[in-house]
Amino acid sequence: MRNRVLRDHATAYLLLLPTLLLVGVFHLFAIFYAFYISLHKWSILKESYLGLANYAALITDPEFRQALVVTVWYVIGTVPVGLAIALGVAVTLFRPIRARGFFRTLFFLPYVTSLVAAAAVWEWMYNPDYGVINLLLTRAGLPPLRWLLEPTGVFRLALDPIGIALPEWAAGPSLALVSIIIMSIWSGLGFNVIVYLAGLGSIPRELQEAARVDGASEWQVFRRITFPLLSPTTFFLVVIAVIRAFQAFNQIYVMSPNDPTTRTLTMFIFQEFYASSRVGYGAAAAMALFVILLILTVAQMRYGQEKVHYE
Amino acid sequence: MSDTPRPTLPGRPWRQRLADGLTYLALLVGGLAVAFPFYWMIATSLKTHEETMRVPPTLYPLAPTLANYAKVWEAAPFARYFANTVGVALCVTLGVLITSSLAAHAFARIRFSGSQAIFVALLATLMIPFEVILIPDYILITRLHWEDTYLALIVPWMASVFGVFLMRQFFLGIPTELWESAALDGCGHLTYLFRIALPLARPGLSVVAIVTFLGSWNALLWPLVVVTRRPEIRPIQLGLAVFTTEFGVYSHLIMTAAVLTILPVVVLFLLAQRQFVESIARTGVKG
């Protein structure tokens, strides 16, 4: 009997070995190593121990602060707007209509498209001179814009023509960042739609039908029944979308590599590490990103436990 | 699902018809907006350089030509990039399928001390953003002298916690009796795993395979960091990213390269839509 237990243990750990080794080294050990690096002056090689000096420097670094603000705008721009559009599309696609499969495939297509290729196309569409978006704007009688090349805040851009000059702090995200946000919403739409469709499919039809028979309007049915019953799906999507938005890299790297008004935390980390070889400092910024995400996710889980309506 | 129209309530068929009309209109407009970048990518790839520099731009190619495809093929080693990516993505996917299945079987069918703790520790790693492990992993790769090798692109990603988690769910769904009677007949763990469990868990394998392959195919940040001096081992996304910087003003060539880059995945997606959509709805993972 004892032999059997021993053999089971040996087998189990042998089966786990490849996963434990790889995940252990490249994920678990890596995170402690990242913390260790962040405590040092480290360019190509380790130079000297600094304690928490890198973190102290981060707090007063205006570029890091700007990266935080840009990231927050990026999250605000992609998550609520992106999910609202996805919900609208999903509710529409859920109606018994023709060609539903076709539209589902179409809306999903951007999601399987590589972000590098998609970003290259959008960059070309946004081109102020030869781009198709400005062509459509001018055809519609609107003024052309400079899109990815426009570092001015969108609120200021919107209010300038009517004579209101906003101060710097109220200028809002740059048009360049908003252009990237629009592209990111397009890219992630399919995933959100598919998950919302799955959520809609799990809501019992009887409730909605009963409300309709009682004379509730479609909007009331949506507002009072469908949307509350979808809250677990919405919650899941918000958590995933926030994590993803904080980690967005590929499209920003391709579309706007050097504009500080589009430099998110991820770009900041990458540039400190890759372009400036300030490895220790980059690692400290990465740890900051980790802590922010951890706090946000835990806070969302807490909130979810209280507010999300599970059947 | 069926296309049968919803039964209309008496007295409001016109409202029903109006709602349907608006639905189709909204879908059409939305669909056009979503599809437009694909159209623009293909249309530009069929234009000449002179035509792409026209102001205002032409909405469709005046004299469509496939010449750009030949030019792109010559301008950069895209065939090589493709071969690299297919090789890397296949190795990573195969590796993940094997390591995940082995680990998942241990968690699903063997009782051993530490099982719970290890499982939770593995799940916790899902919370770590890639940017955090990027720097330490790069340094580890340089210590191993793996920079600018395929090993750097493949080995670190040959295991996947998500894969273990998903395969475990599938294995737990297989009746225990199957394993018990197999064990009584003297069937070992590996024989059971490969002869009985894996064939039954095929849907799980395809989910893991699709998500892993897609993530590997579309990855940019890691290749960008570990492949710097040997252009011949670049995967396709890195090749395309470099190409867009080197050929900045030649949009017709960049769009052609973009079409080539997404073509294999789009074709694969159209052929296996159902599996793609279900896999991704289930997981929320993208590389």
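Biologist: How many positive and negative side chains does chain B have, and how far apart do the centres of the two sets lie?

Modeller: In this predicted model, chain B has 20 positive and 15 negative side chains, with the two centres 7 Å apart. Lys and Arg count as positive, Asp and Glu as negative, and His and the chain ends are not counted. Each charge is placed at NZ of Lys, CZ of Arg, CG of Asp or CD of Glu.

Biologist: What are the numbering and the limits of the model?

Modeller: Residues are numbered from 1 along each chain as its sequence is written, and chains are lettered from A in the order in which they are written. Local features need pLDDT of at least 70 and side-chain atom pairs 80 or more, while totals for chains use all residues; side-chain values use heavy atoms, without hydrogens and water.

Biologist: What is the secondary structure of chain B?

Modeller: Chain B has 15 helices and 0 strands. Helices are DSSP runs of H or I with at least four residues, and strands are runs of E with at least two.

Biologist: Which domains does chain B have, and where do their bounds come from?

Modeller: The assignment gives domain 1 (13–65) and domain 2 (71–283); such bounds come from an automatic or database domain assignment. The C-alpha centres of domain 1 and domain 2 of chain B lie 34 Å apart. Still, 10 residues of domain 1 are in contact (heavy atoms within 4.5 Å) with 9 residues of domain 2.
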